Amino acid sequence: MYADFIELRLKQSMNAKVQWANPYDVLTVVWCDYRLRRIAVANMSEAFGWDANKQTMAEGGNRKKAHQMKKPKVFQFSEAEKLFDLFEQDGGINTFIYPKIIREPESVLEESQLSKWYPKADNAISVLGSLIEPDAIERYLLNNGHSELLKQRLQELRDEHPNKKFSSQTVLTRYLNQYITFGMTRNALLPLGLMNTGCNYQHSENDNVNKRGRGGADGRNTSSIYTGVRPLDKRLIKKIAKRFGTASRHGALFIRDIYDDYCAEALNLQEVELPEPDENGNRDVTRVNPYILSEGSFRYHYDNTIPLLEKLTRRYGIVKTQRDFKDRQGHAADSVVGANYVVEIDSTELSIHVRDPRFKKKRLSAGRVFLTVAICVRTRYILGYSLSFKQPTWENVAECLYNAFEDKRAYCEQFGLSIKEHEWACHHGFFIVRIDNGKEFPEYQMDEQMRHSSGFFRVEIVPKARGDFKAVVERQFGTTDRYAAKHPGGIEADRDKTEQDASQRATLTIDELHRVIIRKIIHQNLHRNCAKLRDKDMAQAGVGITPYSLWSYSIKHQMGGGRPVSKSKLPS
C-alpha cells in the first residue's frame with residue numbers, strides 16, 4: 001500500500017506512454033490521501049539532477065543544477081498500480097531519504113552560509129502564507145479551485161507590499177512546488193541552487209598552504225613538506241611559461257627548465273635565501289621546500305593553468321599550431337559558386353622511382369618524378385595534371401594548365417589509352433586559381449597568364465608552409481602518392497632500411513607511369529563518393545554523387561556552361 005516518501009519505479013511497459021519520467025528515474029510519493037485514494041508523485045532524479053545510481057548529488061549537498069521544480073503528478077491508486085512498481089530493496093519497500101543538506105543543513109553548511117540561507121527559506125514561507133496549509137495543498141494538487149487561491153494570495157501580497165508588483169503566479173508556484181517536492185518542511189525551501197555558486201574551494205593568501213587531496217584537507221595524512229598551490233604560484237606559472245617558446249630541439253619543451261625558473265622566482269618573491277653550501281659544495285634545499293610547489297604539483301598546475309592552445313603555440317610555434325592543431329569550422333567549398341570557380345594547383349614529388357628506358361630491360365632508375373595537379377574545389381573533379389623530372393618550376397604548372405584546357409581524348413591516345421568523351425570531359429577556363437608562393441609560380445608569369453584571353457580573373461597566393469589553405473589539392477596528393485607507392489619502384493614509408501632500395505625495383509617508365517596516373521584520375525572522377533558536396537539543387541535534380549556528376553551539373557546549370565577553351569586558343 002502507498003505511503004509518504006516510498007520510492008516507485010516506472011514500469012518498462014509504460015515507458016512509451018509516460019513522457020515525464022523513464023524506468024531509471026527515482027520517483028517518490030510526496031503526498032498521499034487514503035480518503036480520496038490518490039497520491040502525488042515527484043521525479044527526484046529531475047529535481048536533484050541525479051542519475052540512475054543517485055551519483056550526481058554528493059552527500060555534502062553539492063547539487064549539480066538548480067532549476068524550477070515541476071508540479072508533482074497526481075494519480076488514483078488504480079492508475080498508480082498500472083504505471084508504477086514499488087521499489088524494493090533488502091527485502092522491503094524502500095523509503096526515500098532526502099540529502100543531508102535538507103535533513104541536517106547545520107552539519108553541511110558553515111555559519112556564514114546558514115545566516116544567509118535560513119532568512120531566504122523564511123522569506124519563501126512568508127510569501128506562501130496560507131498556501132502551505134494541508135487544505136490549500138490538496139486543492140493545489142487536485143486543481144480544485146487552486147487558481148482562485150493563488151490570485152487571492154497575490155492580492156494579499158500586493159496589499160502587504162505596495163511597492164512590489166506580485167503580478168505573476170510563478171512566484172508562488174515556484175516555491176510551492178519545491179515545498180511539496182522536498183518534504184513540506186522549512187528546510188524544503190532552502191536555496192539549494194546556491195551550492196553551485198563560487199569556487200569549489202577558497203584560495204588562501206597565506207604564505208604556507210596545507211596540501212589538499214589524498215593528504216586530507218588539513219594535510220594531516222601527507223608526508224610531503226612542500227606547500228600547496230597559492231595564487232602566487234599560479235601567477236608565477238603563467239608569467240614564467242611565457243619565456244619559453246619553441247625550443248631548438250625539434251620543438252621539445254622542457255618542463256624541468258620552467259620549474260627551475262619558478263623555484264628561483266618564488267623564493268625571491270618570498271625573500272627566502274638558499275642555504276649556504278657545505279664543505280663539499282652541496283646545499284640542503286629541503287629547508288626551502290615549504291615555500292615552493294613540488295615538481296609533480298607544478299606539472300599538474302601547469303597543465304591546468306595554461307590553456308591547451310597556448311601550450312601548443314609555445315611548443316610548436318604560431319604557424320604549426322594554427323595549421324595542425326587549432327580547431328576549424330566550415331568547409332573548403334563554402335562560398336564557392338560552382339564548378340571551375342576556384343581551382344587549386346600545386347606540385348609534389350611522388351614516392352616512386354621511374355625506370356630509365358634507354359637501358360632497355362635493365363632496372364636503372366631515372367629518378368623520382370614531380371606531379372602537378374589542378375583540381376576543382378567545389379566538385380573535387382581533377383581537371384589536369386603533369387609529370388616532370390624537374391623540380392617544381394613554372395614549366396610544370398604551364399603543362400598542367402595546358403592539359404586542363406586541351407582535348408583529353410587526343411592526349412590519352414599519346415600514351416596508348418582510348419577513353420570516351422565523358423570519362424574526362426573538362427576543357428573549361430577557371431575564375432580563381434589558388435596557389436602557394438613557391439618558385440614554380442613567379443609573379444610575372446601569373447600576371448602574363450591573367451592577361452591572356454583564356455586566363456583567370458584572380459590568383460590567390462597562400463602563405464608559405466600553409467598547406468591547410470589549399471587543403472583540397474594537398475589531400476589529393478596524399479591519395480595519389482599512396483596509390484603510386486604501391487607499384488614497383490614505390491617507396492614504402494615503413495620499409496626496413498636493410499631491404500632492397502626502391503630505386504633498384506623500378507620497372508615503370510615515364511609513359512607507363514602516365515598511364516597509371518590517367519587511370520587513377522579517371523577512376524576517381526567517375527567513382528569517388530562526394531555525396532557531402534551535393535547542395536539542395538543537386539539533390540532535387542537527382543544528380544549523382546561522383547565528381548563527374550557534380551561537375552557536369554554545376555558547370556551547366558550553376559556556371560551557365562562555363563568558359564570552354566577551344567583548341568585554336570591554346571598555344572601550339
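Which residue does the side chain of Glu 460 meet in a salt bridge? The partner is Arg 434, at 2.9 Å from N to O. Keep in mind that this is a predicted model, where local features need pLDDT of at least 70, side-chain atom pairs count only at pLDDT 80 or more, and totals for chains, interfaces and linings use all residues. Residues are numbered from 1 along each chain as its sequence is written, and side-chain values use heavy atoms, with hydrogens and water left out.

**Salt bridges**
- A search of the whole structure turns up 23 salt bridges (a side-chain nitrogen of Lys or Arg within 4 Å of a carboxyl oxygen of Asp or Glu).
- Glu 460 sits in strand E12 (residues 458-462) and Arg 434 in strand E11 (residues 432-436), so their pairing ties together parts 26 residues apart in sequence; strands here are DSSP runs of at least two residues, numbered from the N terminus.
- Arg 434 is buried at 15% relative accessible area, while Glu 460 is partly exposed at 22% (buried means under 20%, exposed over 50%, partly exposed in between, with a 1.4 Å probe and protein chains only).
- Lys 311 pairs with Asp 303, their closest N and O atoms being 3.7 Å apart; Lys 311 counts as buried at 17%, and Asp 303 as partly exposed at 46%.
- Arg 256, Asp 260, Glu 295 and Arg 299 are linked in a salt-bridge network.

**Nonpolar cores**
- The largest nonpolar core has 54 residues (buried Ala, Val, Leu, Ile, Met, Phe, Trp, Tyr and Cys joined through side-chain atoms within 4.5 Å).
- Leu 383, Tyr 385, Trp 424 and Ile 518 have the most contacts inside that core.
- A second, separate core of 41 residues includes Leu 114, Ala 121, Ala 124 and Tyr 179.

Conventions
Helices (H or I, at least four residues) and strands (E, at least two) are DSSP runs, numbered from the N terminus.
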